[in-house]
Amino acid sequence: MRNYFTVQSGKNKLYGVFCSPEGREKTPCLILGHGFTGDKNERLLVRISERLLEAGFSSVRFDYAGHGESEGIPEEVTVAQEVNDLKAVLEYVKNDEHIDPEKILLGGHSLGGLVALIAASQIPDAIYGLVLISPALTMFHELAKDLTGENLRQVLNAGLLDCGGFQVGRKMIDECSTIDAFSLAGKIHPKALLIHGEEDRDTPPYISVALKGIWGENAQLHLVPEADHCFHTAKAVKEVPDEIASYMSKLFD
């Protein structure tokens with residue numbers, strides 16, 4: 001069963017897709033947040049939803065404000081706003097009759113993984129655990145490395161950075177410089193699945209290795225050989241959803 005839904009988050013209406021097994025009620029659910037400049041229909045996220053459906057689990061994918069179908073202006077996007085968006089979707093999911101509100105996982109790819117971690121640090125008792133895929137915990141450094149020459153002048157003069165046609169506001173860049181994700185991680189002890197491509201050149205795989213070190217036995221680390229940041233191989237696009245389905249099957253057995 002696939003249903004489209006909308007949720008209000010501040011002044012913006014968010015659009016999402018809810019997938020749930022037919023004939024089953026009160027299933028565990030994974031909420032999936034996309035990455036920087038992405039959307040809910042990215043191939044990997046769609047395949048994860050399809051695989052979880054096959055395994056008897058529900059999932060929710062949605063567009064953060066300023067992305068995809070959701071309302072909002074890209075230049076006004078901030079990490080704090082995305083955290084609020086995720087919380088709004090979480091509240092929607094907890095009130096759905098098909099979902100067990102005690103068995104909800106927050107998940108995300110890249111920036112979506114950072115957003116999920118921050119949300120979990122703020123409301124640790126509201127979720128069952130985390131599924132972080134190539135989490136961009138060093139987002140500031142990923143943005144700042146491109147701030148040279150014309151890009152630097154554009155940010156200083158116009159307050160905008162052009163990321164492949166997606167205009168990022170200086171407010172988000174400055175905000176990312178203040179986020180200490182590893183300190184936040186150290187304040188919680190969630191059940192977590194950490195997935196990272198071994199060939200990720202955007203978000204170093206050692207980020208997930210470090211998170212595993214912080215969370216110890218509560219976390220399961222899965223490194224995907226020959227996979228880049230967005231898992232652009234047929235093997236990886238199958239391996240990641242399979243790993244998540246297997247993890248949830250054991251977690252909720």
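Let me start with a helix contact: Arg43, Leu44, Arg47, Ile48, Arg51 and Leu52 in α1 meet Val237, Val240, Pro241, Asp242, Ile244, Ala245 and Met248 in α9. Sorted by class, the residues of this contact of α1 with α9 are nine nonpolar, no polar and four charged. Please keep in mind that this is a predicted model.

Now the geometry. Two packed helices are described by the angle between their axes and the distance between the axes. Helix α1 covers residues 43-54 and helix α9 covers residues 234-251; the two pack at an angle of about 40 degrees, and their axes are 9 Å apart. The range for roughly parallel ends under 35 degrees and the one for roughly perpendicular starts at 65, so α1 is oblique to α9. As for handedness, α1 passes α9 in a right-handed crossing.

On to the second pair. Helix α2, residues 79-94, packs with helix α3, residues 111-122, at an angle of about 70 degrees, with axes 9 Å apart. Are they parallel or perpendicular? An angle of 65 to 115 degrees counts as roughly perpendicular, and α2 and α3 are therefore roughly perpendicular to each other. Their crossing is right-handed.

Which residues make that contact? From α2 there are Val79, Glu82, Val83, Leu86 and Lys87, and from α3 there are Leu111, Val115, Ala116, Ile118, Ala119 and Gln122. By class, the contact of α2 with α3 has eight nonpolar residues, one polar and two charged.

The largest pocket in the model has a volume of about 290 Å³. How many residues line it? The lining has 16 residues, and those that lie nearest the centre of the pocket are Phe36, Ser110, Glu142, Asp202 and His229.

Where does the largest share of that lining come from? Helix α4, residues 139-144, supplies it, with three residues.

To recap for the notes: α1 is oblique to α9, α2 and α3 are roughly perpendicular, and the largest pocket is lined by 16 residues.

How values were computed: Residues are numbered from 1 along each chain as its sequence is written. This is a predicted model: local features need pLDDT of at least 70, side-chain atom pairs count only at pLDDT 80 or more; totals for chains, interfaces and linings use all residues. Side-chain values use heavy atoms; hydrogens and water are left out. On a 1 Å grid over the protein atoms alone, a cavity is a set of points where a 1.4 Å probe fits but cannot get out, and a pocket is an open set with protein on both sides within 12 Å along at least five of seven lines; lining residues have an atom within 4 Å of a point. Grid points are joined across faces, edges and corners, and a volume is the space filled by probe spheres set on the points. Helices (H or I, at least four residues) and strands (E, at least two) are DSSP runs, numbered from the N terminus. Axes are lines fitted to C-alpha atoms, for helices over the stretch in contact, and angles run from 0 to 180 degrees between N-to-C directions. Angles under 35 degrees count as roughly parallel, over 145 as roughly antiparallel, 65 to 115 as roughly perpendicular and the rest as oblique. A crossing is left-handed if the near helix is turned anticlockwise from the far one by less than a right angle, and right-handed if clockwise. Contact means heavy atoms within 4.5 Å. Ala, Val, Leu, Ile, Met, Phe, Trp, Tyr, Cys and Pro count as nonpolar, Asp, Glu, Lys and Arg as charged, and the others, Gly among them, as polar.
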